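Hello,

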Amino acid sequence: MRVGVLGAGQLARMLALAGHPLGMRFAFLDPASESCAAALGEHYCGDYGDTALLDRFAAAVDVVTYEFENVPVACVEYLARRRPVWPPAGALHTAQDRLHEKTLFRELGIATPPFQAVNSLEELKQAVAGIGLPAVLKTRRLGYDGKGQAVLRQPEDIDAAWHRIGGVPLILEGFVAFQREVSIIAVRGRDGEIRCYPLAENIHRNGILHLSRSCVGDSMQEQAESYIKLLLEQLDYVGVLALELFQDGARLIANEIAPRVHNSGHWTIEGAETSQFENHLRAVCGLPLGSTAALGHAAMLNFIGTLPPREAVLAMDDVHLHYYDKEERPGRKVGHATVRATAADALETRLQRLLDVTGLR
Ligand code: AMP
């Protein structure tokens, strides 16, 4: 089976690392000349709109998938006329626009913060009057890791926020005073079978994921699964889908979906029977899905900008190191480590030690 991946970053790299043992071969299409997945397959370097390149790429693979949600929908639609592409273009279209995403949540009865589309300063003032403060103003498209966002706490913040990120389609959301952020990752096969991973609890720093802990037996698991199953069915989805949620009391409030493997699921590489990467490949290739059961307790720590000393991390028990072969640069995800233990308290002790060793406490 030859798998084509749009994008050749660390997610594509980890897909390929999971797929090679299953006898899969990989081709990556990415405009960047240096891509960290390229060592694991053939790199088609060029633009997502280059149809001659897309033709060559399609001819070289049996199935196409993607590792990030800002791939142009037109590129996916073009390829879908030549080869099966999963997840479907409709899911990509929805996930690219926060307004579409939240409208879908609302239609399916999935709780969201109150929200309203904003296209002018006047509309922003009206939306603030309806939703109240505090609120979060976000660009509808191309926002990630907290970019393209402004928190409005008082009426004086309105003009400044508009001048900072206005001029493109925006959405205003009510601010959720959440107790914690969680995500659920699930996979749906071509035959419609769905399997869900245990919830992950996520901690962000400067808008970027810092730490994820698997939450085996969490009291919110059932609610999260009911939400993601609705989305998978509605989108006629194939592959791994991630849903990011806020917990407010006993309620989960949906923030956003990612139609791909997700950073909060990296712990599944060593912490689950079948990793999110392998299950994504199994799904898009029409193979039976693997068990999503956890192997004990796990936590994942991201390395942002710089890598820790390899020796110190590798000297620890049951810690698994992943370098992405990317140049160290501020704000860039360059690697992660997963720590595992059979009991929750042992995991916490190990995690605290890992935070010390890596200087990331
Ligand atoms: P996002 O890009 O939507 O994932 O937002 C980045 C981060 O901003 C989230 O992980 C939250 O910590 C915070 N955030 C986003 N939306 C809201 C909201 N409506 N209320 C409170 N915090 C939010």
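**Between domain 1 and domain 3**

The count between domain 1 and domain 3 comes to one salt bridge, a salt bridge being a side-chain nitrogen of Lys or Arg within 4 Å of a carboxyl oxygen of Asp or Glu. The side chains of Arg 260 and Glu 69 meet in a salt bridge, 2.5 Å from N to O.

Before going further, the basis of these notes. This is a predicted model, in which local features need pLDDT of at least 70 and side-chain atom pairs count only at pLDDT 80 or more, while totals for chains, interfaces and linings use all residues. Residues are numbered from 1 along each chain as its sequence is written, and side-chain values use heavy atoms, with hydrogens and water left out.

The protein chain is divided into domain 1 (2–85), domain 2 (114–174) and domain 3 (180–358); these bounds come from an automatic or database domain assignment. The contact takes 19 residues from domain 1 and 21 residues from domain 3, where contact means heavy atoms within 4.5 Å. The C-alpha centres of domain 1 and domain 3 are 23 Å apart.

About 1700 Å² is buried between domain 1 and domain 3, and carbon and sulfur atoms give 71% of that area. Buried area is the accessible area (1.4 Å probe) that two parts lose on being put together, summed over both.

Across the interface of domain 1 and domain 3, four residue pairs are in polar contact, both residues at pLDDT 80 or more. A polar contact is a pair of N or O atoms within 3.5 Å; within protein, one must be able to donate a hydrogen and the other to accept it, and residues adjacent in sequence count only if both atoms are side-chain atoms.

On the side of domain 1 that touches domain 3, α1 (10–19) and β4 (63–66) each supply at least two residues. The largest share of that side, seven residues, comes from α1. Helices (H or I, at least four residues) and strands (E, at least two) are DSSP runs, numbered from the N terminus.

**The ligand**

Of the 15 residues around the ligand, Lys 138, Gln 149, Val 176, Glu 181 and Glu 256 come nearest; a residue is near a molecule or strand if one of its heavy atoms lies within 4 Å of it. A polar backbone atom of Val 176 is 2.9 Å from a nitrogen atom of the ligand. For Gly 174, a polar backbone atom is 3.0 Å from a ligand nitrogen atom. Glu 173 has a polar side-chain atom 3.0 Å from a nitrogen atom of the ligand.

**Salt bridges in the whole structure**

A search of the whole structure finds 17 salt bridges. In one of them, the side chains of Arg 2 and Asp 62 meet at 3.1 Å, N to O. Arg 2 lies in strand β1 (residues 2–6) and Asp 62 in the loop between α2 (51–59) and β4, so the pair ties together parts that are 60 residues apart in sequence.

**Backbone**

Most residues other than glycine have a negative phi, and most peptide bonds are trans. The peptide bond from Trp 86 to Pro 87 is cis, with omega near -5°, and Pro 87 lies in the loop between α3 (73–80) and α4 (89–95). The bond from Leu 133 to Pro 134 is also cis, with omega near 0°.

Regards
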